[in-house]
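I am opening a notebook page for a structure that is new to me. I want to write down what I looked up, one entry at a time.

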Amino acid sequence: MMIVIWGLVKFVALMLIVSVYVLFMTWFDRKVLARMQNRIGPQLVGFHGLLQPLADTIKSFWKEDIIPTRSYRVMFWLAPIITITTAFAAAFVVPFAPPIKTASGVFHFSVAHINEAMLFVFAFLGLSSFGVLYAGIASGGSKYPFIGAQREGAQMVSYEIILALSLLNPILMSQSLNFEQIVAAQTHHLWFVFYQPVAFLTFLISMFAVSAKVPFDLPEAESEICCGHFVEYSGLKMGLYPFAQYVVVLVMSAIMVLAFLGGWTGPFWSGGFIPGLIWYWIKIAFFIFLFTWAWGTFPRYRYDQLMDIGWKVLLPISVLNIFWTGFALTAGLPFF
Amino acid sequence: MVAIMFFILSLITIGGALGTVIARNAYSSALWMITSFLGVSGLFVMLNAPFIAMLQIIVYAGAIAVLILFVMMLMDRRVLENKDRFNPQYLWGAIFGAGLLADLLALALKFKIDISQAGKNLTINGSNTKMVGDVLFKHYLFPFEMVAIVLLVALVGAIVLSKDDEKEAR
């Protein structure tokens with residue numbers, strides 16, 4: 001019974017923390033983008049516009065909810081729900097703080113502490129593309145959502161493979177699918193980024209593609225298909241898509257830090273003055289900032305370029321890298 | 001508790017499968033199919049096989065269902081909407097399904113399946129990911145490699161069949 005109660009408590013905590021994070025991410029994104037473009041950004045509501053996201057949320061509650069007459073109604077309702085649910089589900093197994101040893105055992109800061117955590121994240125990130133695909137279908141033959149949804153489908157299928165292949169290297173080196181054990185393996189070694197620079201880079205690139213952020217934001221490319229899959233959505237339902245995207249960004253940054261950058265362990269020279277929790281969130285915050293940074297500075301790739309990068313460059317490189325890792329581990333090369 | 005979970009999951013699985021067959025719209029049919037896959041993976045979790053459960057979602061719901069949906073998106077929407085719900089061979093399918101159901105019921109009656117044991121985990125405890133790897137790559141390495149080659153042949157064959165011969169086309 002205790003495990004159920006603790007699960008519920010963690011579940012509610014996760015929902016609250018992630019929702020607040022998403023609220024203030026919109027503020028952060030706008031501020032950083034404004035700074036990059038020599039503007040001020042939100043300034044009027046609250047201190048430096050900090051209450052702007054709250055005002056936006058309240059406003060979006062009162063917006064008229066328009067459903068196109070030719071749409072499939074049930075699917076039109078379900079599509080944003082699927083997107084947000086699967087994005088949150090992916091966040092369930094991500095630890096949000098280092099585990100604490102208590103008298104009765106180890107306390108884990110993830111909603112569900114399972115051994116196959118890595119696979120769980122893959123599974124639900126893969127499912128999150130359905131929300132987008134169904135948004136395109138349910139919009140009732142509207143052209144832009146349809147194009148956006150097709151792009152999302154193709155992009156997700158191709159880049160999930162590269163994501164999985166590049167994460168296979170840390171999995172092979174730590175011989176575990178559990179995030180906490182992967183981090184533990186990195187305390188014995190150096191961080192995996194020093195052994196696996198190639199996997200780190202392929203993961204970095206496919207991270208942007210899977211979360212459909214700027215260099216690869218083809219499903220919603222504002223300037224060509226004017227927001228793609230959620231053109232027909234309005235009000236709160238429309239807001240759920242960027243919401244889910246921010247959650248995916250958080251999950252991807254956390255996986256990146258856990259798998260390649262040693263999770264809550266500080267660099268070897270830090271000597272343990274700063275607690276692990278703070279190291280962990282500094283690193284995650286850096287990658288979240290990286291997404292915004294890329295948004296402000298990168299142009300969008302063309303669709304054929306996206307597919308070429310994925311299938312002709314990243315896929316062969318990651319497969320060769322796995323062969324190299326396997327060889328290095330079996331041959332017992334130094335430092336492996 | 002466990003039994004309730006089991007019945008909920010089986011309801012999701014069977015309901016999803018039923019919805020796949022009788023949904024009028026091909027797109028919602030695909031959504032029902034994904035629901036059914038999720039139910040099956042939940043059943044695997046109850047059997048203490050989380051690895052296979054996750055693979056079920058990744059491979060079937062994540063990859064195959066996306067491909068099916070993708071193919072449907074490339075087809076004309078009006079053609080898909082005006083399709084009949086069943087094709088003319090549905091009678092044979094119904095007979096076969098009824099036979100299978102009768103068979104399973106007969107087996108259940110013969111072995112006196114105890115409903116009160118529903119959902120109880122009767123397998124070995126603990127993580128089976130390592131076990132699956134050991135069995136697959138130590139004992140059954142040769143069949144595994146054969147399956148990989150068969151899949152590769154199918155892949156190459158599909159490309160050869162679907163590729164236009166450029167000289168003939170133009």
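What percentage of the 170 residues in chain B do buried residues make up? I found that they make up 24% of the 170 residues, where buried means under 20% relative accessible area, exposed over 50% and partly exposed in between, with a 1.4 Å probe and protein chains only.

Ground rules. I note that this is a predicted model, in which local features need pLDDT of at least 70 and side-chain atom pairs count only at pLDDT 80 or more, while totals for chains, interfaces and linings use all residues. Residues are numbered from 1 along each chain as its sequence is written, chains are lettered from A and ligands numbered from 1 in the order in which they are written, and side-chain values use heavy atoms, with hydrogens and water left out.

Chain B. I looked up its elements and found 8 helices and 0 strands, helices (H or I, at least four residues) and strands (E, at least two) being DSSP runs numbered from the N terminus. Among its contacts between residues at least 6 apart in sequence, 66% join residues at least 24 apart, a contact being heavy atoms within 4.5 Å.

A lysine in chain A. I turned to A:Lys237, which lies in helix α10 (residues 235-260) of chain A and is buried, with a relative accessible area of 6%. Leaving aside residues up to four places away in sequence, A:Lys237 touches A:Asp65, A:Ile67, A:Phe76, A:Trp77 and A:Pro80. The charged end of A:Lys237 sits over the ring of A:Trp77, 3.8 Å from its centre; the term asks for NZ of Lys or CZ of Arg within 6 Å of the ring centre and within 35 degrees of the ring normal. I also noted A:Lys213, whose charged end sits over the ring of A:Trp295, 4.6 Å from its centre.

Because A:Phe200 lies in helix α8 (residues 197-210) and A:Phe260 in helix α10, both of chain A, the pair ties together parts that are 60 residues apart in sequence. A:Phe200 is buried at 16%, and A:Phe260 is buried at 0%. Ring pairs also link A:Phe76, A:Phe230, A:Tyr233 and A:Tyr241 into a cluster.

Two helices crossing. The axes of helix α1 (residues 2-36) of chain A and α10(A) come within 10 Å and cross at roughly 100 degrees; axes are lines fitted to C-alpha atoms, for helices over the stretch in contact, with angles from 0 to 180 degrees between N-to-C directions. I therefore wrote α1(A) down as roughly perpendicular to α10(A), the word covering 65 to 115 degrees, with under 35 roughly parallel, over 145 roughly antiparallel and the rest oblique.

Most residues other than glycine have a negative phi. Phi of A:Gln175 is near 55 degrees, and A:Gln175 is exposed, with a relative accessible area of 67%. Phi of A:Ala212 is near 50 degrees, but A:Ala212 counts as buried at 8% relative accessibility.

Key
Phe/Tyr/Trp six-rings, centres within 6.5 Å; stacked < 30°, edge-to-face > 60°.
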